Amino acid sequence: MLNLRTRRLAVYTALLTGLAQAASAAEILIADEKSQPESLTLAPGGVLIVGSASTPFVYKVRRGSTAAEKFVDASAEGAGTFFFGMLADAAANTLWTCQLTPVPGVTPVKRHTALRGFDLSTGVQKLRWDLPGDNSTCNDFSVGPDKALYISDTANSKIYRLPAGASTAELFLEDTAALHGIDGITFLNGTLYVNNVISSKLYRVPVDARGKAGQPVEIALDQPVKGPDGMRAANGKLLVAENGSGRISVITVNGDKASVTVIKEGLKTPTAVEPAGDTIWIAERGAGKAVSIPMPK
């Protein structure tokens, strides 16, 4: 009986390895069902890194394991501290994170947020930049063709730019009409795209020869998305987590128009996607899990 159980355990573990086989989806419980994983990223070596919107921790799951280990502990930052965006920048050996800490005794709720960079191997802090203002929401980021980090501030309708090697970010774009609710941000074929979790719209941000941002251009979708959240580029398309509909969609952009193809439904508040070869990792916030599905052909 013991040998049979051992064999069954080995088979089960094999199905949950770092980059899951295309034939079956992996599921990893991040601490507990209330951990609310908001964003995730894949580091070199197949290490999955996941932030929590309900705890002051960033977790990592080693390739071949289903156990989440604490990687970053921000419990000393103040009561209620949690994390949004996660991005492994392998070229800079840096894990970029968005840390949010509520301002105590304030109604309505306000938060002070910080961009924090940690060594991908050790978790030692390399950089911290506090977003300006009494209330901010560092949400997500993307590394551009210029190697700079572009950061979305949902509460203030802003995008910041952190040049490579710099310690302080600069304002790149502010647009209260289009960016009030900015969430996901990514580059596709060298072009910057952002989505809006409030208006459920997708925008292209034009950039001139001097590197200056222009007014966002709305991309007309052939079918609506609901609550677009985390967004990444893969295989010439955009991958989007729709937290309002429980879906993962692939968006094919053609100029100022785009087609939407739903590839996964029935998720509990998906908030992030991470392409990894033939796999897409998903932060399923409502279920307290990181799950994976096959990458569409």
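Q: Two strands pair if DSSP finds at least two bridges between them. In this predicted model, which residue in the hairpin of β2 and β3 takes a positive phi?

A: Strands β2 and β3 pair in the antiparallel sense over 5 bridges, and T41 stands opposite I49 in β3. The hairpin has 3 residues between the strands. The positive phi, near 85°, belongs to G45.

Q: In β4, which residue is the bridge partner of L48?

A: A hairpin of 4 residues joins β3 to β4. Strand β4 covers residues 57-61 and pairs with β3 in the antiparallel sense over 4 bridges. Within β4, the bridge partner of L48 is V61.

Q: Why is strand β3 described as largely enclosed by the rest of the structure?

A: In a regular strand the side chains alternate between the two faces of the sheet. Buried means under 20% relative accessible area. Strand β3 is largely enclosed because the number of its residues that are buried is 6 of the 6.

Q: How many nonpolar residues does the lining of the largest pocket have?

A: The largest pocket holds about 320 Å³ of space, and the closest of its 17 lining residues to the centre are L87, A88, S142, V143 and R232. Among the elements that give two or more residues to this lining are β2 and β6. By class, the lining has 4 polar and 3 charged residues, while the number of nonpolar residues is 10.

Methods
Residues numbered from 1 in each chain as written. Predicted model: local features only at pLDDT ≥ 70, side-chain atom pairs only at ≥ 80, totals over all residues. Heavy atoms only, no water. 1 Å grid on protein atoms, 1.4 Å probe; cavity = no way out; pocket = protein on both sides within 12 Å on 5 of 7 lines; lining within 4 Å. Points joined across faces, edges and corners; volume = space filled by probe spheres on them. Nonpolar A, V, L, I, M, F, W, Y, C, P; charged D, E, K, R; others polar. Buried < 20%, exposed > 50% of the residue type's maximum accessible area, 1.4 Å probe, protein only.
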